[in-house]
Amino acid sequence: MKNNALPVRAKGMYFRFLGRSFKKHDAIVGAVFVLPAFVLGCIFVVAPMLVSLAYSVTDANLLALNNVHFNGFVNFAEAFGDSYLWNAFLNTLEFVVKVVPLQLCASLGLALILNTKIRCNTFFRWAFFCPVMLSLAVTSFLWMNLLNEQEGLINAILENLGFSRQPFLESPKQAMNVIVFISAWQGAGYQMLIFLAGLKNIPPEIYEAAAIDGANPVQKFFFITIPNILPTFSFVLITMLIGAFRLIVQPMVMTGGGPVDSTMTMSYYIYTQGITFRNVGYSSAIALLYTFFMAAIALTLRKLMDVKD
């Protein structure tokens, strides 16, 4: 008589971890593949965070790291009363509030265009993604020259069209808006590809059935497209928010945080305190506070969107 019972697991070939059974051979292979990433993560992520945590409760100076004294929570108390820090924080919030909706709409719009059967689809996909392949420092330097008030190409075009020359990066009222535009232009292509991958996973039969039922394009977008790409939308939104809160390259290259500290961001302020002014302890304290703030924003947003993995 044929025995249909499942084979008994050989003793010693399996082990349990987090309530699941794994073959020892598969676990070893998996561990070998994960090990390089784990080691690099410990060296470049965990270790710097621990060092920053240790420095945050000291008066450490970059030029005297062998003469460090514990000062408790003095750095954290000083951070909450630092008017320059609050200015950098508000500038960062302004950038995030402006760039995230703009870049999100631009990337989703481009993805929707490329998801249709248009001519030269591959060319447009490459053209929209091209700015992403360029270094932020390079694109910032190019835009800085294009927007120069005296010799910039854009001001020359405006003048030929009958408009007055604009200060752009030299104006406290215009500088942040210029950086917002450049950042959205440079980064939209990357999110566009992610949205495009999500759109490709939506079965076309759903749209065909909706068309038969008389749904118009707007109804298809809100009742079919958005619900089906919600996990992708959440991923893009969270990564975009984190990237926006970490803004540093564009103001560093294009404005140096000016004019009148109007483009000084939190990441740039942390860099300035730690490298320019050499206040390692104070900059570490600010960095920890800012990291906890960004983590809270990301986790709260993820919870609100209720993304299912």
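Colleague: Ala, Val, Leu, Ile, Met, Phe, Trp, Tyr, Cys and Pro count as nonpolar, Asp, Glu, Lys and Arg as charged, and the others, Gly among them, as polar. With that settled, how do the residues of the lining of the largest cavity divide?

Modeller: Into eight nonpolar, no polar and no charged. Bear in mind that this is a predicted model.

Colleague: Which residues line the largest cavity?

Modeller: I238, L241, I242, F245, M294, I297, A298 and L301. Helix 10 and helix 13 each give at least two residues to that lining.

Colleague: How much space lies in the largest cavity?

Modeller: About 40 Å³. The count of cavities of 30 Å³ or more comes to one.

Colleague: Pockets, then. How much space lies in the largest pocket?

Modeller: About 550 Å³. Its lining has 22 residues, and those nearest the centre are Q103, L136, Q186, G243 and A244.

Colleague: Which helices each supply at least two residues of the lining of the largest pocket?

Modeller: Helix 3, helix 7, helix 10 and helix 11.

Colleague: And what is the lining of the largest pocket by class?

Modeller: There are 13 nonpolar residues, eight polar and one charged.

Colleague: What about the second largest pocket, how much space lies there?

Modeller: About 370 Å³. The second largest pocket is lined by 14 residues, with I248, S267, I270, Y271 and A287 nearest its centre. Helix 12 and helix 13 are the elements that give two or more residues to this lining, and the largest share, six residues, is from helix 13. By class, the lining of the second largest pocket has nine nonpolar, four polar and one charged.

Colleague: Moving to packing. How many residues has the largest nonpolar core?

Modeller: The largest nonpolar core has 47, and those with the most contacts inside it are F95, V100, F195, L237 and I286. At least two residues of this core come from each of helix 3 (83-114), helix 7 (175-200), helix 10 (230-245), helix 12 (266-276) and helix 13 (280-305). Helix 3 gives the largest share, 12 residues.

Colleague: Take I286. Leaving aside neighbours within four places in sequence, what is I286 in contact with?

Modeller: With A79, L85, M266, Y269, I270 and Q273, leaving aside those neighbours.

Colleague: T232 next. Is T232 buried or exposed?

Modeller: T232 has a relative accessible area of 18%, and buried means under 20%, so T232 counts as buried. T232 is in helix 10. Leaving aside its neighbours within four places in sequence, T232 is in contact with I194, F195 and G198.

Colleague: Charges now. How many salt bridges does the count come to?

Modeller: Two. One joins the side chains of E94 and K98, at 2.8 Å from N to O. The other joins the side chains of E159 and R165, at 2.9 Å from N to O.

Colleague: Where do E94 and K98 sit relative to each other?

Modeller: E94 and K98 are four residues apart in helix 3, so about one helical turn separates them. Side chains of opposite charge can pair when their charged atoms come close.

Colleague: Last topic, the backbone. Which peptide bond is cis?

Modeller: The bond from G258 to P259 is cis, with omega near -10°. P259 is in the loop between helix 11 (249-254) and helix 12.

Colleague: What about phi of V260?

Modeller: Phi of V260 is near 55°, a positive value in a residue other than glycine. D261 also has a positive phi, of about 60°, although D261 is not a glycine. V260 is in the loop between helix 11 and helix 12, and D261 is in the loop between helix 11 and helix 12 too.

Methods: Residues are numbered from 1 along each chain as its sequence is written. This is a predicted model: local features need pLDDT of at least 70, side-chain atom pairs count only at pLDDT 80 or more; totals for chains, interfaces and linings use all residues. Side-chain values use heavy atoms; hydrogens and water are left out. A nonpolar core is a set of buried Ala, Val, Leu, Ile, Met, Phe, Trp, Tyr and Cys residues joined through side-chain atoms within 4.5 Å. Buried means under 20% relative accessible area, exposed over 50%, partly exposed in between (1.4 Å probe, protein chains only). Contact means heavy atoms within 4.5 Å. A salt bridge is a side-chain nitrogen of Lys or Arg within 4 Å of a carboxyl oxygen of Asp or Glu. On a 1 Å grid over the protein atoms alone, a cavity is a set of points where a 1.4 Å probe fits but cannot get out, and a pocket is an open set with protein on both sides within 12 Å along at least five of seven lines; lining residues have an atom within 4 Å of a point. Grid points are joined across faces, edges and corners, and a volume is the space filled by probe spheres set on the points.
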